[in-house]
Amino acid sequence: GIEYEGGKPGWNDAMNGLVGMLGSGMPESYELKVLLNYLKKAAGKYRRRVIVVPEELAALIGKITDALDELGDGEYIPPIQTEKTINEVPSALFQYWDTVATAREEYRSDMVSLSGRVKEYSSSNVIEIIDRWIRQVDLGIARAHIIGSHGFEGGDELLGITPTYFSFNVTKWERTGELNQLGHHLVNAMKMTVGKFPLFLEGVVRMMKTLDSEHATSIYNAVKKSGLRDEKLGMYTLSSSLVGQSYDMGRMMAFSPGWLENQSVWTHMSYKYYLELLRKGMYDDFFTEMETGMLPFIYDENYGRSLLECSSFIASSAFVDPTMRGQGFLPRLSGTTAEFLSMWVLMMVGPSPFFINDETGVLEMQLVPALPFWLFRHDPMAVDNKQHSIRFKLFSSIDVVYFLSQPRNLFGVAPEKYEIGLRDGSKIVVEGPTIPHHLAMNIRRVVFIQYIVAYF
């Protein structure tokens, strides 16, 4: 995982004690992998003659390269995996961490005043460097899975679900001879062991960004069997049980289980999870989860407030008071709303409504919704295959209607025909699944278009 040496642990700020435990997190490792793959794709696509970086950054890159040369591409997994051997940091990995951490601090010191000098890299150089970083990130993720899911006591550890957090305990050190401001001795670490934590939903969510649909489905099935699943509510909790964990890990340990960040249903992270199901094309699973885990489909008498109002968290079945389980607390418009808007866009218009045609090189449009049949309105009096419909506003201005010719789910299916109404009263019929360039451009400009009707 990525070392939490910046003073806070990423998204889950209730793990605020983890930074004092030499903590690290897998969510940032998965996001780093996504970012590196994007940079590699961009460098390969645009093929700039040179990519210029400050001299100080080039020096850091050089030190990382030298450290990787010394480390090699070994997996560093002990052949005999016992609880003792699996938790000891191999000397080669410790030396790599120490070298790169030192280079990082030197870079920060250099950044106080940049020299103004630069270094040039070719696109092929950049791709080569990034490829090597990606390989090392993948090796780190593989090691984390072995360490984090190595079950010596059974339970969730045997399900193969990614860990989210680690801590590190320095088991051997040497004094530097210096003191800090409080008079405590400063030391250089020599050896470390790894500490593990229960499952957290964030690790799963971030990991799913890096998976194909088949692998994502297997992880989803494992999560349903884990302590992250609240079977009684049909929802997912922020963490599995934290009973017995150290208070050093953060303020979440001050809360009762099932309340706030201690094993409650944190709606923002739950919605992030549902969004990844939708992104991976797991439509049946997504809409099944929607019926029990998302507003406005949950049971309102349990929720205790308007189903149009998001909450920070829902008291889970782990909470001591059974009368409060399923209730939403701390209403707010924040991350949950943002994740739902992302889901809404994917459901109603698809991931890429506007795209560049590879053959013509011009912008075109295609509506590819992901909608179950049960969301469609049924009008038995309608004619001309218009009995089943759903409506929404595109860009808050253009009326869009989908008509189904027969009862079925629309999962990643493009229309057979469009009818596009202009604001001057005229209309244009487009046969086929794609809206041509000139109409696509007018739809992007919004002001020229009154409505779009798509026939499936």
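Trainee: Where is the place of Leu260?
Mentor: Leu260 sits in the loop between β8 (235-236) and β9 (265-266). Keep in mind that this is a predicted model.

Trainee: Is Leu260 buried or exposed?
Mentor: Leu260 counts as buried, because its relative accessibility is 15% and the cut-off for buried is under 20%.

Trainee: What is phi for Leu260?
Mentor: Phi is positive, about 50 degrees, although Leu260 is not a glycine. Val446 is another residue other than glycine with a positive phi, in its case near 70 degrees.

Trainee: Where is Val446, then?
Mentor: Val446 is in the loop between α12 (437-445) and β21 (449-455). With a relative accessible area of 19%, Val446 is buried.

Trainee: Back up a bit. How many helices and strands are there in the protein chain?
Mentor: The chain has 12 helices and 21 strands. Of its 456 residues, 43% are buried.

Trainee: What box do the C-alpha atoms fill?
Mentor: Taken along the principal axes, the box is roughly 85 × 65 × 45 Å. The chain exposes about 23,600 Å², and carbon and sulfur atoms supply 54% of that area.

Trainee: What about contacts along the sequence: what percentage join residues at least 24 apart?
Mentor: The figure is 66%, counted among contacts between residues at least 6 apart in sequence.

Trainee: Now helices. At what angle do α8 and α11 pack?
Mentor: Helix α8 (residues 267-279) and helix α11 (residues 335-348) pack at about 15 degrees, and their axes are 8 Å apart. That makes the two helices roughly parallel, since angles under 35 degrees count that way. Their crossing is left-handed.

Trainee: Which residues in α8 meet which in α11?
Mentor: On the α8 side they are Thr267, His268, Tyr271, Lys272, Tyr274, Leu275, Leu278 and Arg279. On the α11 side they are Gly335, Thr336, Glu339, Phe340, Ser342, Met343, Leu346 and Met347. By class, the contact of α8 with α11 has 8 nonpolar, 5 polar and 3 charged residues.

Trainee: What about α2 and α5: at what angle do their axes cross?
Mentor: The axes of α2 (residues 55-71) and α5 (residues 123-148) cross at roughly 50 degrees and come within 12 Å. The two helices are therefore oblique to each other. This crossing is left-handed.

Trainee: And which residues meet there?
Mentor: Ile61, Ile64, Thr65, Leu68, Asp69 and Leu71 in α2 meet Ile129, Arg132, Trp133 and Gln136 in α5. Sorted by class, the contact of α2 with α5 holds 6 nonpolar, 2 polar and 2 charged residues.

Trainee: One more pair. How far apart are the axes of α1 and α6?
Mentor: The axes of α1 (residues 26-46) and α6 (residues 201-208) are 8 Å apart, and the helices pack at about 10 degrees. So α1 and α6 are roughly parallel. Pro27, Tyr30 and Glu31 of α1 make the contact with Glu202, Gly203, Arg206 and Met207 of α6. Those residues divide into 3 nonpolar, 1 polar and 3 charged.

Trainee: Back to loops. Where does Val349 lie?
Mentor: Val349 is in the loop between α11 and β12 (354-356). At 6% relative accessibility, Val349 counts as buried.

Trainee: What is Val349 in contact with?
Mentor: Leaving aside neighbours within four places in sequence, Val349 is in contact with Gln366, Leu367, Val368, Pro369, Phe392, Leu394 and Tyr402. Phe411 is 62 residues from Val349 along the chain, and their C-alpha atoms are separated by 11 Å.

Trainee: Does Gln406 count as buried, partly exposed or exposed?
Mentor: Gln406 counts as partly exposed, with a relative accessibility of 46%. Gln406 lies in the loop between β17 (398-404) and β18 (410-411). Asn385 is 21 residues from Gln406 in sequence, and the two are 7.5 Å apart in space, C-alpha to C-alpha.

Trainee: Last one. Which residues does a cis peptide bond join?
Mentor: The cis peptide bond joins Leu295 and Pro296, with omega about 5 degrees. Pro296 is in the loop between α9 (283-293) and α10 (300-303).

Methods
Residues are numbered from 1 along each chain as its sequence is written. This is a predicted model: local features need pLDDT of at least 70, side-chain atom pairs count only at pLDDT 80 or more; totals for chains, interfaces and linings use all residues. Side-chain values use heavy atoms; hydrogens and water are left out. Axes are lines fitted to C-alpha atoms, for helices over the stretch in contact, and angles run from 0 to 180 degrees between N-to-C directions. Helices (H or I, at least four residues) and strands (E, at least two) are DSSP runs, numbered from the N terminus. Angles under 35 degrees count as roughly parallel, over 145 as roughly antiparallel, 65 to 115 as roughly perpendicular and the rest as oblique. A crossing is left-handed if the near helix is turned anticlockwise from the far one by less than a right angle, and right-handed if clockwise. Contact means heavy atoms within 4.5 Å. Ala, Val, Leu, Ile, Met, Phe, Trp, Tyr, Cys and Pro count as nonpolar, Asp, Glu, Lys and Arg as charged, and the others, Gly among them, as polar. Buried means under 20% relative accessible area, exposed over 50%, partly exposed in between (1.4 Å probe, protein chains only). Accessible areas come from the Shrake-Rupley method with a 1.4 Å probe; for residues, only the protein chains shown count as cover.
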